[in-house]
Amino acid sequence: MSLEIECEQLRDIFLFRDLDAAKCKLVAMSSDRLHYQEGDIVFKEGDPSDAVYFMLSGRIRVSRELKGRRIDLAELTGGAVLGETGVICGRQRSASVVALEETTMLRTDANVFHELLYQVPQVTVALARELANRVDATSDRLLEMSETRS
């Protein structure tokens, strides 16, 4: 895959929509290209959060273990970002990720991701916006759940 194509795919990811071409190429060049087949494990719940993954294509399942049962949390497709929260917070992986079909990702080391956040304000603002949206969505779901129990 060419660097230009990877940059186009990176621009489909919310973090990089406003990134100029030169910075986009730096992200692509500082990342490892990974290819997964159906059933391949990307990472497991409890693993160290040592990298962030940018999903270029494919489909994955995010799940957690609860009392010996797998709980599916989400299916994600190209454009997803994985592992950013664990890297930012310095925590272990909070979920497991498995490829559901042929999937291509860029893997960016935690230190490189941190440097990206320090050096490129557009990426930091985009991440803050996304995390705030997730908090709002979670709050809304909790309110809905409490209303149905009342």
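**Reading strands, helices and one buried serine**

Student: Which residue in S6 is the bridge partner of Tyr 53?

Tutor: Leu 82 in S6 is the partner of Tyr 53. Strands (E, at least two residues) and helices (H or I, at least four) are DSSP runs numbered from the N terminus. This is a predicted model: local features need pLDDT of at least 70, side-chain atom pairs count only at pLDDT 80 or more, and totals for chains, interfaces and linings use all residues. Residues are numbered from 1 along each chain as its sequence is written, and side-chain values use heavy atoms, leaving out hydrogens and water.

Student: What is the order of strands in the open sheet?

Tutor: Strands of a sheet pair through backbone hydrogen bonds, either parallel or antiparallel. DSSP must find at least two bridges for a pair. Here four strands run in the order S1-S8-S3-S6, with antiparallel pairing. S1 and S6 (81–82) are the edges; each has a single partner strand, so one side of each lacks a neighbour in the sheet.

Student: Which helices pack on the sheet?

Tutor: Helix H1 (residues 3–10) does, touching S1, S3 and strand S8 (103–109). The direction of H1 makes about 100 degrees with that of S3. H4 also packs on the sheet, touching S3 and S8, at about 75 degrees to the direction of S8. Axes are lines fitted to C-alpha atoms, for helices over the stretch in contact, with angles from 0 to 180 degrees between N-to-C directions. Contact means heavy atoms within 4.5 Å.

Student: How many bridges join S4 to S5?

Tutor: Eight bridges join S4 (residues 59–66) to S5 (residues 69–77), antiparallel. Arg 61 stands opposite Glu 75 in S5. The two strands form a hairpin with two residues between them, and Lys 67 in the turn has a positive phi of about 50 degrees. S4 also pairs antiparallel with S7 (residues 96–99) over four bridges. There, Ile 60 partners Ala 99.

Student: Is Ser 31 buried or exposed?

Tutor: Buried means under 20% relative accessible area, exposed over 50%, partly exposed in between (1.4 Å probe, protein chains only). Ser 31 has 3%, so it is buried. Ser 31 lies in the loop between H2 (21–29) and S1 (32–36). Its side chain makes a polar contact with that of Thr 108 at 2.6 Å. Such a contact is a pair of N or O atoms within 3.5 Å; within protein, one must be able to donate a hydrogen and the other to accept it, and residues adjacent in sequence count only if both atoms are side-chain atoms.

Student: Which residues of H5 are buried?

Tutor: Val 123, Ala 126 and Leu 127. Their cover includes H3 (84–89) and H4 (110–119).
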